[in-house]
Amino acid sequence: MTAEMLPPDRQPVIIAARRTPVCRTNGALRSLRAHELLAPVLRELLAGTGVEPGRVTDVVIGNAVGGGGNVARLALLEAGLPVSVPGITVDRQCGSGLDAVVLASRLVAAGGNPLYLAGGVESTSTAPLRANRNDDGGPEFYARAQFVPGGFGDPDMGVAAENVAREFGVSRERQDAFALRSHRLALAARDAGVFDGELVPLDTGAGTAGADDGPRRGLNAAVLARFPAAFVDGGTVTAGNSCFDADAASAVVFTSLQRARTLGAVDGLLVLGSGTAGVDPELLGVGAATAARDVLSAAEVSADQVDLVEFNEAFASQTLACLDQVGINAERANLDGGALALGHAYGASGAVLVTRLLAQARRAGTPGSLALAMISSAGGMGTAALLEYQRL
């Protein structure tokens with residue numbers, strides 16, 4: 001691959017990425033609203049890159065279950081950016097954070113040497129209660145939004161994960177083994193301090209949340225085997241091989257290659273391609289596979305050429321099905337664990353994937369290495385982005 005797919009003043013590059021700890025819903029971050037999770041990340045990104053806040057072109061943030069009101073604008077002002085900086089919030093449900101990053105990359109490619117902060121945030125702990133209005137004007141509360149018209153099938157996530165397991169022949173044993181791998185890798189990474197450089201500790205008012213709280217040290221194959229089917233009688237998807245809901249925020253600094261060099265950035269992830277695809281909503285978990293195949297094909301890159309892969313592990317069944325469909329051995333993906341161990345913070349998760357890839361690429365330190373971020377979304381969609389690590 002050639003690094004500079006576009007002229008330097010239009011080639012998008014990520015020069016910094018940070019995230020909060022990913023913590024269980026109603027856990028360590030339960031007192032912080034979405035903008036309060038995101039604002040410290042934005043401040044750290046600006047401080048770390050030396051970018052003057054007033055020079056930020058826009059802030060593009062994904063969010064899925066927040067209360068509206070444009071959390072991007074709310075968070076940037078909370079972070080101390082001047083009122084001259086606008087913000088836009090993106091909703092593609094679970095894919096929102098990665099789609100915000102993709103949108104920012106395309107805005108950079110449009111020209112003008114802009115600089116964006118892009119990412120995602122979710123506070124599932126403080127998400128507002130949702131209700132429709134009855135004929136008498138009273139509220140009818142609901143657990144989740146409708147994703148597609150009824151004629152298309154609109155399964156809950158766990159039911160869809162069972163559909164995927166059945167359709168693509170992903171066994172219970174394989175799902176459990178992958179879930180256990182995720183916990184063990186995440187524990188090893190956390191214990192070794194692998195995540196430290198990307199984390200922004202948060203003051204919760206009751207102390208400091210400085211580490212992911214999800215990975216379970218006592219988990220083993222025997223424990224996983226005892227979990228019953230969680231969504232379909234006689235099924236294979238359990239609480240043990242599914243993710244848990246979480247709170248988190250993550251964001252990146254996006255600019256052109258030309259401006260990155262002016263800022264003195266020494267390395268970064270160049271965006272070589274990205275895309276979003278739609279699939280049958282009954283099999284909503286495999287949207288990322290279609291998107292990834294399309295992105296790789298357009299870039300004339302084979303799955304074997306990709307060095308680093310981060311896939312959002314909402315369920316082991318859909319993770320394995322997607323990796324199989326793209327042609328990526330599961331042992332090559334999520335080398336520091338994934339959402340099965342760390343948790344799924346909806347709108348933040350796609351941005352967390354990119355933050356993880358930049359950290360992994362910097363550790364490897366191999367210019368020209370390729371990285372792939374993949375996430376599936378409710379309603380039968382998926383987004384993928386192909387990135388290349390380069391010295392600038």
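First, the ground rules. The model is predicted, so local features need pLDDT of at least 70 and side-chain atom pairs count only at pLDDT 80 or more, while totals for chains, interfaces and linings use all residues. Residues are numbered from 1 along each chain as its sequence is written, and side-chain values use heavy atoms, with hydrogens and water left out.

Let's start with Val41. Val41 sits in helix 1, residues 34-49. Helices here are DSSP runs of H or I with at least four residues, strands are runs of E with at least two, and both are numbered from the N terminus. Is Val41 buried or exposed? Val41 is buried, and its relative accessible area is 0%. Buried means under 20% relative accessible area, exposed means over 50%, and partly exposed lies in between, with a 1.4 Å probe and protein chains only.

What does Val41 touch? Leaving aside residues up to four places away in sequence, Val41 touches Arg18, Arg19, Thr20, Val200, Ala249, Ser250 and Ala251. A contact means heavy atoms within 4.5 Å. Look at Ala249 in that list. Val41 and Ala249 are 208 residues apart along the chain, yet 7.3 Å separates their C-alpha atoms.

Next, Arg181. Find this residue in helix 5, residues 172-191. Arg181 is buried too, with a relative accessible area of 12%. Its contacts, again not counting residues up to four places away in sequence, are Ala330, Glu331, Arg332, Ala333, Asn334 and Leu335. The side chain of Arg181 reaches the backbone oxygen of Ala333 at 2.8 Å.

Now a whole helix. Helix 8 covers residues 287-298. Its 12 residues, at 1.5 Å a residue, should span 16 Å. The rule is 1.5 Å times one less than the number of residues. The end C-alpha atoms are 17 Å apart, which agrees.

Which residues of helix 8 are buried? They are Gly287, Ala288, Ala289, Ala291, Ala292, Val295 and Leu296. Here is a general point to keep in mind. An α-helix has 3.6 residues a turn, so residues three or four places apart point the same way. Back to our helix. The buried residues of helix 8 pack against strand 11 (267-278), strand 12 (308-311), helix 9 (316-326), strand 13 (370-377) and strand 14 (381-391). After helix 8 comes Glu300, with a positive phi near 55°.

The search uses a 1 Å grid over the protein atoms alone. A cavity is a set of points where a 1.4 Å probe fits but cannot get out. A pocket is an open set with protein on both sides within 12 Å along at least five of seven lines. Lining residues have an atom within 4 Å of a point. Points are joined across faces, edges and corners, and a volume is the space filled by probe spheres set on them.

How many cavities of 30 Å³ or more are there? The count is two. The largest cavity has a volume of about 130 Å³. It is lined by 15 residues, and Asn312, Ala339, Leu342, Gly343 and Val352 lie nearest its centre. Strand 12, helix 10 (339-342) and helix 11 (349-364) are the elements that give two or more residues to this lining. Helix 11 has the largest share, with four residues.

The second largest cavity has a volume of about 40 Å³. Its lining residues include Val101, Phe254 and Leu387. Helix 3 (96-109) supplies the largest share, three residues. By class, this lining has seven nonpolar, two polar and no charged residues. Ala, Val, Leu, Ile, Met, Phe, Trp, Tyr, Cys and Pro count as nonpolar, Asp, Glu, Lys and Arg as charged, and the others, Gly among them, as polar.

Last, the pockets. The largest pocket holds about 700 Å³ of space. It has 31 lining residues, and nearest its centre lie Cys94, Arg144, Met157, Asp245 and Tyr346. Helix 4 (157-168) gives the most to this lining, with four residues. The lining divides into 17 nonpolar, 10 polar and four charged residues.

The second largest pocket has a volume of about 370 Å³. Of its 23 lining residues, Asn63, Val65, Gly66, Gly67 and Gly68 lie nearest the centre. The classes here are eight nonpolar, 11 polar and four charged.

Note on methods
A polar contact is a pair of N or O atoms within 3.5 Å; within protein, one must be able to donate a hydrogen and the other to accept it, and residues adjacent in sequence count only if both atoms are side-chain atoms.
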